[in-house]
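This report walks through selected features of one structure. Please look over the sequence and the model before reading on.

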Amino acid sequence: MLTIDEKVIADIGRGFAVPAQPELLLKLQKLMAENEPDINVIADTISQDVAVSATVLKTINSPVYGLARSIADIHKAVRYIGVNGIISLVTNTLIRKSFNQNDCGIALEEFWTNASNIANTNVFIGKAIKQPLSADKLFSIGLFHDCGIPVMAMKYSDYTETYEHAMKTPSETLTSIEESVYQVNHATLGYYVASSWRLPKDICQLILCHHDRTFLDILTNQPEQYYFATLKMAENIVHNHKHFRDAADWPYLKDSIFTLLDIDEEDYQDLFEDSAEFQD
């Protein structure tokens with residue numbers, strides 16, 4: 001498994017503009033650090049930000065969560081999906097708002113729409129397979145896995161050209177091409193952003209490794225392999241819906257993913273067709 005040392009983290013902190021955590025998230029993390037977090041105080045704190053509350057409720061009430069009834073306020077949402085789930089959704093909402101289009105060389109609205117499609121598809125796949133995976137963790141991994149890309153695009157004016165070259169060179173991973181050009185890659189930067197925003201360590205590790213084509217070479221049936229496998233399948237499904245071809249990593253991982261998730265080509269095609277409703 002890929003690892004990252006403290007020197008690399010320090011160099012990234014000095015060389016890249018990473019969005020700072022908003023005050024709301026800092027307040028929530030402080031509340032969560034208490035011995036017995038008060039869910040009512042946490043819900044009250046979130047409710048004070050009307051825009052964040054509305055986005056969180058929209059996400060919870062979307063078809064991908066498949067709730068039996070609509071949830072109309074944050075207090076009910078906290079009781080239904082739990083404190084960790086609600087903090088995850090708030091974090092997802094805030095990080096999308098934290099990048100400034102004026103500072104970034106890629107179209108952020110399109111980037112986050114694609115990330116949301118992957119996040120929603122990831123939750124959908126997680127519900128369809130036999131393993132009990134956390135919906136909020138699936139959503140966070142789907143949304144955050146490429147969050148280092150906007151950071152790269154803010155730093156390097158030619159990043160779009162590098163990215164487009166990588167899309168035309170599927171024999172190499174995007175991260176290896178980025179390393180050859182910039183001596184850093186978006187997965188490492190994504191790990192740094194996620195760590196800075198205090199996402200769970202397992203999510204940070206998956207962000208770091210999400211382009212590792214050897215991740216499933218030895219199947220251990222550990223939870224991180226299932227989350228990795230659903231993410232790569234979600235990536236490929238969304239990529240096919242948008243570009244009508246497989247994502248670059250898919251041919252190298254497909255067989256292992258099918259084996260791990262205990263599905264076949266017919267099952268995959270059913271997931272692909274049924275996921276169309278989650279694509280914006």
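Which residue has a side chain joined to that of histidine 145 by a polar contact of 3.1 Å? The residue is glutamate 235. The model discussed here is a predicted one.

Glutamate 235 is part of helix α13. With a relative accessible area of 11%, glutamate 235 is buried. Besides neighbours within four places in sequence, the contacts of glutamate 235 are Ile118, His145 and His210.

Asparagine 240 also has its place in helix α13, which covers residues 223-243. Asparagine 240 has a relative accessible area of 14% and is buried. From its side chain to the backbone nitrogen of arginine 245 the distance is 3.3 Å. Once neighbours within four places in sequence are set aside, asparagine 240 touches Arg245, Asp246, Tyr268 and Phe272.

**Helix α7 and its surroundings**

Helix α7 spans residues 135-144. Eight of its ten residues are buried, so α7 is largely enclosed by the rest of the structure. The buried residues are Lys137, Leu138, Phe139, Ser140, Ile141, Gly142, Leu143 and Phe144. Their cover includes α4 (50-60), α5 (74-98), α6, α12 and α13.

Helix α6 takes in residues 108-128, and its axis comes within 7 Å of the axis of α7, with a crossing angle of roughly 150°. An angle over 145 degrees counts as roughly antiparallel, and α6 and α7 are therefore roughly antiparallel to each other. The crossing of α6 past α7 is right-handed. On the α6 side, the meeting residues are Trp112, Ala115, Ser116, Ile118, Ala119, Asn120, Asn122, Val123 and Gly126; on the α7 side, they are Ala135, Leu138, Phe139, Ile141, Gly142 and Leu143. Sorted by class, this contact of α6 with α7 holds ten nonpolar, five polar and no charged residues. Ile118, listed in this contact, is also one of the residues in contact with glutamate 235.

Helix α5 packs on α7 at an angle of about 15°, and their axes are 9 Å apart. Angles under 35 degrees count as roughly parallel, and α5 and α7 are therefore roughly parallel to each other. The crossing of α5 past α7 is left-handed. Asn84, Gly85, Ser88, Leu89, Thr91, Asn92, Ile95 and Arg96 of α5 make this contact with Asp136, Phe139, Ser140, Leu143 and Phe144 of α7. By class, the contact of α5 with α7 comprises five nonpolar, six polar and two charged residues.

**Loop residues and positive phi values**

Threonine 169 lies in the loop between α9 (159-167) and α10. Its relative accessibility is 15%, so threonine 169 counts as buried. A polar atom of the threonine 169 side chain is 2.8 Å from the backbone oxygen of histidine 165. Threonine 169 and serine 53 are 116 residues apart in sequence, and their C-alpha atoms are 41 Å apart in space.

Glutamine 183 is in the loop between α10 (174-182) and α11 (186-196). Its phi is near 60°, a positive value in a residue other than glycine. Arginine 198 sits in the loop between α11 and α12 (201-209). The phi of arginine 198 is near 60° as well, again positive in a residue other than glycine. The relative accessible areas of these two loop residues are set out below.

| Residue | Relative accessible area | Class |
|---|---|---|
| Glutamine 183 | 59% | exposed |
| Arginine 198 | 58% | exposed |

**Helix α14**

Helix α14 runs over residues 250-261, and its buried residues are Trp250, Leu253, Ser256, Ile257, Phe258, Leu260 and Leu261. An α-helix has 3.6 residues a turn, so residues three or four places apart point the same way. The cover over the buried residues of α14 includes α13 and α15 (265-274). Which residue takes a positive phi of about 60° just after α14? That residue is aspartate 262.

Technical notes
Residues are numbered from 1 along each chain as its sequence is written. This is a predicted model: local features need pLDDT of at least 70, side-chain atom pairs count only at pLDDT 80 or more; totals for chains, interfaces and linings use all residues. Side-chain values use heavy atoms; hydrogens and water are left out. Axes are lines fitted to C-alpha atoms, for helices over the stretch in contact, and angles run from 0 to 180 degrees between N-to-C directions. Helices (H or I, at least four residues) and strands (E, at least two) are DSSP runs, numbered from the N terminus. Angles under 35 degrees count as roughly parallel, over 145 as roughly antiparallel, 65 to 115 as roughly perpendicular and the rest as oblique. A crossing is left-handed if the near helix is turned anticlockwise from the far one by less than a right angle, and right-handed if clockwise. Contact means heavy atoms within 4.5 Å. Ala, Val, Leu, Ile, Met, Phe, Trp, Tyr, Cys and Pro count as nonpolar, Asp, Glu, Lys and Arg as charged, and the others, Gly among them, as polar. Buried means under 20% relative accessible area, exposed over 50%, partly exposed in between (1.4 Å probe, protein chains only). A polar contact is a pair of N or O atoms within 3.5 Å; within protein, one must be able to donate a hydrogen and the other to accept it, and residues adjacent in sequence count only if both atoms are side-chain atoms.
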